[in-house]
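Please open the structure in a viewer and keep the selection tool at hand. The stops below can be followed in order.

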Amino acid sequence: MTPPDNFNPPIGVPETLATDLRRIVAPNPSPMTYRGTNTYLLGSGALAVIDPGPADNTHLEAILGAVTEGQHISHIIVTHTHLDHSPLARPLAQRTGAPVLAFGGAHAGRSKVMQDLADAGTVGGGEGVDHAFTADETVSDGDVIKGDGWALDVIHTPGHIGNHISLGWGNACFTADHVMGWASSLVSPPDGDLTDFMASCARLQTRDWSVFYPGHGAQIDTPAQRLDWLVTHRRAREQAILDHLSRGPATAAILAAAIYTETPPALRGAAIRNVLAHLIDLTGRDMVTSPGPLHADAVFKT
């Protein structure tokens, strides 16, 4: 269900998506970020900036330049602490005086399983994490962030990373990197947790959304369909892993090479991390085992 490659927005230019909502795409395209990070400006007077983006002065000036006469930035909201979403928050706060809101720092929201793996230091990970990030105000699941004419429901959606939040705006939702239309989300332990990811999908499925505004790529106008695809996709990956392991033990790297046969070379590392996330989840469900402590190169069997 990955859409055709037809999302080509002007970089650094605010585009109106809905009443009181604009998007500015940051100049950080890559195989992992697509055209760049989506920064959203919400409101008509006092504005919320959702995901200010990477440490890039050009993007900082683009955000400030989108603030028109009679407007000011009142809130800076970070959905999660990856280097393509959060580093510009502090420079933007220094220029505007607005507080930075987030679920917490780089390790906030981790499950006990992932914290234990992080403490053991055996599964790698840590790709692209903004360890220097700090928030002025932390938010929790169920909080409502209120501004001038707008309100956002905080929905803790760990999986891509433990501190990931989605933001409900009426029947619309800012899903950041949890649900995107151009690709599935990377889940790389111990920052990413597939068990949590699937639970977060199930949670989002309990509400009747009209549109998703993701962290990368175009808006998603069929959110229920996209969520169904994402869950089905993950379950298919799980079944493929189990099918391969039924023929003999294997590592995450061997399984990724066998399953992700059409993945470009630039994304093969991410494929291995996704497979490892599945294997850790399957281990927790007693569906696969590996000798000794879990580690990145462990051999798994059914």
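**Before starting**

The model is predicted, so local features need pLDDT of at least 70 and side-chain atom pairs count only at pLDDT 80 or more, whereas totals for chains, interfaces and linings use all residues. Residues are numbered from 1 along each chain as its sequence is written, and side-chain values use heavy atoms, with hydrogens and water left out. Helices (H or I, at least four residues) and strands (E, at least two) are DSSP runs, numbered from the N terminus.

**Stop 1: helix 5**

Select residues 223-245, which form helix 5. At 1.5 Å a residue, its 23 residues should span 33 Å, and the end C-alpha atoms are 33 Å apart, which agrees; the expected span is 1.5 Å times one less than the number of residues. Next, colour the buried residues of helix 5, among them P223, W229, H233, E238, I241 and L245. Buried means under 20% relative accessible area, exposed over 50%, and partly exposed in between, with a 1.4 Å probe and protein chains only. Against which elements do the buried residues of helix 5 pack? They pack against helix 4 (194-204), strand 12, helix 6 and helix 7.

**Stop 2: the nonpolar cores**

In soluble globular proteins, nonpolar side chains tend to be buried together. A nonpolar core is here a set of buried Ala, Val, Leu, Ile, Met, Phe, Trp, Tyr and Cys residues joined through side-chain atoms within 4.5 Å. Select I241, L245, L255, V275, L279 and F300: these have the most contacts inside the largest nonpolar core, which has 22 residues. Helix 3 (112-120), helix 5, helix 6 (252-259) and helix 7 each supply at least two residues of this core. The largest share, six residues, comes from helix 7.

Now centre the view on V275. Contact means heavy atoms within 4.5 Å. Leaving aside neighbours within four places in sequence, V275 is in contact with I241, A252, L255, A256 and Y260. Apart from this core lies another, of 20 residues, including V49, I63, A89 and A102.

**Stop 3: D281 in helix 7**

Select D281, found in helix 7 (residues 268-284). D281 counts as buried because its relative accessibility is 7%. Not counting residues up to four places away in sequence, D281 touches L194, T195 and E238.

**Stop 4: the largest pocket**

Rolling a probe the size of a water molecule over the atoms shows where empty space is left. The search uses a 1 Å grid over the protein atoms alone: a cavity is a set of points where a 1.4 Å probe fits but cannot get out, a pocket is an open set with protein on both sides within 12 Å along at least five of seven lines, and lining residues have an atom within 4 Å of a point. Grid points are joined across faces, edges and corners, and a volume is the space filled by probe spheres set on the points.

Select M32, S184, L186, L267 and A270. Of the 31 residues that line the largest pocket, these are the closest to its centre. The pocket holds about 760 Å³ of space. Helix 7 gives the most to its lining, with four residues.

**Stop 5: the largest cavity**

Select N38, Y40, I50, D51, T79, F174, T175, A176, Y213, P214 and G215, which line the largest cavity. The elements that give two or more residues to this lining are strand 3 (38-42), strand 11 (172-176) and strand 12 (211-214). Strand 11 gives the most, with three residues. The volume of this cavity is about 30 Å³.

**Stop 6: backbone details**

Stay with D51, in the loop between strand 4 (46-50) and helix 1 (57-65). D51 has a positive phi of about 60° although it is not a glycine, and it is buried, with a relative accessible area of 2%. Then move to D286, in the segment after helix 7. Is D286 buried or exposed? At 72% relative accessibility, D286 counts as exposed; its phi is near 60°, a positive value in a residue other than glycine.

Finally, select P189 and P190, which are joined by a cis peptide bond with omega about 0°. P190 lies in the loop between strand 11 and helix 4.
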